[in-house]
Amino acid sequence: NGNANSAYLFDGSKAQRLGNVDEVQRMNAPRSTFTFALWFQTEASYADYGAGWAWNLGNYAFAPINGDVIESGLAGLGVKVGRDGIEVVEHSGYYMPTVLSYHKTIGAAWNHLAVTIENDGKPILYLNGVKVGEGEKTDRVKCAWADAVGGFDWGYYTGKVDDLCIYNRALSAEEVKALYEGDDALETWYVNGTSGSDDYSGKSP
């Protein structure tokens, strides 16, 4: 969150919104080719959902926006995370499939994940700097924007999240590893999750 030795803590009942649809359009959030990455710590299962009422419920650290409210045929991409796995989910109107599943013990320590996608192809999942999965390609145009950090009606997150970054390109495996290892020299397009406003200052190599 930009502050040393601190992170966002979620109790499974609320989230931090990143902005409304007008803000998403104004900021031209990355589409088709992008990366999002974050650190997370949770003792919950990826399938746990705190409060929630709809289908494909889970422990959403990065809740995918309904792409149809921005543009017809657009799908937001998000992730459920837990001590026992990660799932990547697409979201449009009446459409919310899991497109990548990684069901292995992760543990409750801090972990880093990154999801990359290029030209609306298969999502690639990295965990702690290592590629661990490749998902399904769908016919939707993908959007790198969260409805909120910490969940939404499809499941509120229990745990901590920190250092959410959104990139307007697909990072290479070497760059993802460098990001995990703490290299802050990557040129970054990212979101200030505290206020929901955009920050284009980035970080220069």
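Predicted model: local features only at pLDDT ≥ 70, side-chain atom pairs only at ≥ 80, totals over all residues.
- N111 itself has a relative accessible area of 5%, and it counts as buried because the cut-off is under 20%.
- The side chain of N111 has a polar atom 2.9 Å from the backbone oxygen of A109.
- Setting aside neighbours within four places in sequence, N111 is in contact with L38, W39, F40, I106, L127 and N128.
- N111 and T42 are 69 residues apart along the chain, yet their C-alpha atoms are separated by 9.2 Å.

**Who pairs with β8**

- Strand β3 (residues 34-41) pairs with β8 in the antiparallel sense, over seven bridges.
- The hairpin of β8 and β9 has six residues between the strands, and in it N119 takes a positive phi near 55°.

**The nonpolar cores**

- In soluble globular proteins, nonpolar side chains tend to be buried together.
- The largest nonpolar core in this model has 28 residues, and F36, F40 and L113 have the most contacts inside it.
- Strand β3 gives this core its largest share, four residues.
- Apart from that core lies another one of nine residues, including I124, C165, V176 and L179.
- Not counting residues up to four places away in sequence, F36 touches F62, L77, G78, V79, L113, A114, V115, C165 and I166.

**T35, a buried residue in β3**

- T35 is found in strand β3, and with a relative accessible area of 0% it is buried.
- A polar atom of the T35 side chain lies 2.9 Å from the backbone nitrogen of L171.
- Leaving out residues up to four places away in sequence, T35 touches A114, V115, T116, C165, I166, Y167, R169, A170 and L171.

**Helix α2**

- Which residues of helix α2 (residues 173-180) are buried? They are V176, A178 and L179.
- These three cover an arc of only 160° around the axis, which puts them on the same side of α2.
- The buried residues of α2 pack against β3, β8, β9 and β15 (158-167).
- After α2 comes G182, whose phi is positive, near 100°.

**Cysteines**

- A disulfide is a covalent bond between the sulfur atoms of two cysteines.
- How many disulfides does the model have? The count comes to zero, with a pair needing sulfur atoms within 2.5 Å to qualify.
- C143 counts as buried at 1% relative accessibility.
- C165 is buried too, with a relative accessible area of 13%.

Terms used. Residues numbered from 1 in each chain as written. Heavy atoms only, no water. Pairing = 2+ DSSP bridges. Helix = DSSP H or I, 4+ residues; strand = E, 2+ residues; numbered from the N terminus. Buried < 20%, exposed > 50% of the residue type's maximum accessible area, 1.4 Å probe, protein only. Core = buried A, V, L, I, M, F, W, Y, C linked by side-chain atoms within 4.5 Å. Contact = heavy atoms within 4.5 Å. Arc of directions from axis to C-beta. Polar contact = N/O pair within 3.5 Å; in protein donor to acceptor, adjacent residues only side chain to side chain.
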